[in-house]
Structures are given as structure tokens and as C-alpha cells.
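Thank you all for coming.

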Amino acid sequence: MLLASGAATGCGGRATTHHKPGTTHEQASGSTGTLLTSDDGAGHRLREVPAEGAPEVSLTARPDSVDGWNLQLAVKNFRFTPDSTGGAALPGAGHAHLELDGRKLARLYGPWFHLPAAQVPEGAHTLTVRLYADDHTAWAVSGKPVEGAIPLTAAAGRPGEHSHGDAPPQPADRTVTVTVRDGKVSPAPGRTELRRGERVALRVTSDRADTLHVHGYDNELALPAGQEATLILTADRTGLFEVETHESALVLTQLLVR
């Protein structure tokens, strides 16, 4: 069983919560549960609630037929509320964080997430998921974040690929390379046209740590500062989908799938 936690550090390193501009800490936090002075180890304060009726989450990981793993979060007494992130903490609502060996990979706004093999070095690891309130405090029971973990082992293979027997890796049909520096996107955001079923590789280098998000597909990828990261996506849905960064809220490109 897994639980969740949220994140931020205020001035002087004091554990705090995030909230929307123009709202006070008290207004943003709300009165749900008890806000503790302790945090989750990353600066996110714990929000204590009774064990009965507390949020819960379990995590499963299944190898993807093309690359990496498909993760599923099964939640109880909890609902994902991406539209109200940054608002007051409401009972049983919020988002999740995914960590690999204690390092944050992504913020999750729904029960499904694709973890690319490129994000998991060869060897044995631990995947952890935590549930957070909308104000980024960590839901907690008995003074501990509501969280859970599962083991994950990455087999040897080519960088960015997950090995499935002797099956050869499938190359991308299109590659989009983007650089983010000083809050500017280069080349300027445009539109990438794809046929349904084609695979596109999104190669992004950001000068600050961030998270890549593909709307409509809900695929995410951690962007380490100063390092190129690649997300390979199979365009199996038609429509227009924005690719953006979470923290800096920059549009990198649009995927037009016909």
C-alpha cells in the first residue's frame, strides 16, 4: 500500500506549503487535518489525518511492449484534482509524486503513468509514490507520510531502452529537439505533424530542473538541469496535443496527429 506527500521549502529552508498568489498561508492551507512541523524530508510539511478514512494508494508496474514500464496507482479515499493544485487542502484530494530511490521523477495527476526506460539506470531500484494535498502538504498518518514502494529492476540494454527478450528496439519516426534556457524555448514553439501510429522522440535540454508533460497522453519526463532527456511517444490518438514544462509552464511544441 502506498501513500503520498507534497513539496516545497520556504525562505531560510523552513518547511512550508505552496499556494496561489494573493492567498495567505492560512487561506491556502485550509483546516483539513493537522499541519505538523515535521516534513517529508524534502521540505513538504506533513498534514496529519486520522487513520480511518485516510487516503491510500497502491502501485503496480508492468513492462511496456515498446519501452519502459506502465505504472498504475490504485487509490482509496482519494481523488486527483489537477485543476485545483495550489489551492487549499481538501479532504481526500490532491496529486502524487513519483520517486526513484528517493529522487523525484514526476508529479502525477492521474492513475496512469508511463516510465521510460531511459529514466531508470541498470540494476535494482525502489519506486515510491506519495499522495499530496492541493497545497503541496503531504498527507500523513501517525506522523508518517502516506506512501508506499515497490522494487523495480532494469535489465541491461541500450540507453533509453528496456530489454524484452531479443526483440529489436523500435526507432522513432520523428525527432523533435528543444532547448530551454533563461525561460526561452529554442527553436520557437511550432507544430509537429504526425500520422497516427508514428513514434516521436522528444529530446529536451533545460537549464533548470523541470518536468516535461504531453497533454492528452499524460506522459511525463523528468528534466535534469543541463542534461538532455528523451521521451519516446507512440502517437496512437488523433488531435492536437501541447507539450509543455510543468514548473516553468512553457509550451515546447504541439503534436498534430492525423
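Predicted model: local features only at pLDDT ≥ 70, side-chain atom pairs only at ≥ 80, totals over all residues.

**From one histidine outwards**

His125 lies in strand 9, where strands are DSSP runs of E with at least two residues and helices are runs of H or I with at least four, both numbered from the N terminus. Residues are numbered from 1 along each chain as its sequence is written, and side-chain values use heavy atoms, with hydrogens and water left out.

His125 is buried, with a relative accessible area of 11%; buried means under 20%, exposed over 50% and partly exposed in between, with a 1.4 Å probe and protein chains only. Its side chain makes a polar contact with the side chain of Asp101, at 2.7 Å, a polar contact being a pair of N or O atoms within 3.5 Å, where within protein one must be able to donate a hydrogen and the other to accept it, and where residues adjacent in sequence count only if both atoms are side-chain atoms. Leaving aside neighbours within four places in sequence, His125 is in contact (heavy atoms within 4.5 Å) with Leu100, Asp101, Val120, Ile150, Pro151 and Leu152.

Asp101 itself is found in the loop between strand 6 and strand 7, and at 47% relative accessibility it counts as partly exposed. Its phi is near 55 degrees, a positive value in a residue other than glycine. Ser142, in the loop between strand 10 and strand 11, also has a phi near 55 degrees, and at 62% relative accessibility Ser142 counts as exposed. A cis peptide bond joins Ser186 and Pro187, with omega about -5 degrees, and Pro187 lies in the loop between strand 14 (184-186) and strand 15 (191-194). Most residues other than glycine have a negative phi, and most peptide bonds are trans.

**The cores**

Which residues touch the most other members of the largest nonpolar core? Of its 30 residues, they are Trp69, Leu71, Leu73, Leu115 and Leu127, with a nonpolar core taken as a set of buried Ala, Val, Leu, Ile, Met, Phe, Trp, Tyr and Cys residues joined through side-chain atoms within 4.5 Å. Among the elements that give two or more residues to this core are strand 3 (56-63), strand 4 (69-76), strand 9 (123-132) and strand 12 (147-154). Apart from it lies another core, of 23 residues, among them Leu212, Val214, Leu223 and Leu252. Leu127 touches, among others beyond four places away in sequence, Leu59, Leu71, Leu98, Leu115 and Ile150.

**Cavity and pocket**

The search of the whole structure finds 1 cavity of 30 Å³ or more. On a 1 Å grid over the protein atoms alone, a cavity is a set of points where a 1.4 Å probe fits but cannot get out, a pocket is an open set with protein on both sides within 12 Å along at least five of seven lines, and lining residues have an atom within 4 Å of a point. Grid points are joined across faces, edges and corners, and a volume is the space filled by probe spheres set on the points. The lining of the largest cavity consists of Leu105, Phe113, Leu115, Pro116, Gln119, Glu220, Leu221 and Ala222, and its largest share, 3 residues, comes from strand 18.

Thr211, in strand 17 (residues 210-214), counts as buried at 8% relative accessibility, and its contacts beyond four places in sequence include Leu105, Glu220 and Leu221.

The second largest pocket has a volume of about 530 Å³, and of the 24 residues that line it, the closest to its centre are Asn70, His114, Tyr217, Asn219 and Leu233.

**The whole chain**

Stepping back, there are 1 helix and 21 strands in the protein, and of its 258 residues, 47% count as buried. Among contacts between residues at least 6 apart in sequence, 64% join residues at least 24 apart.
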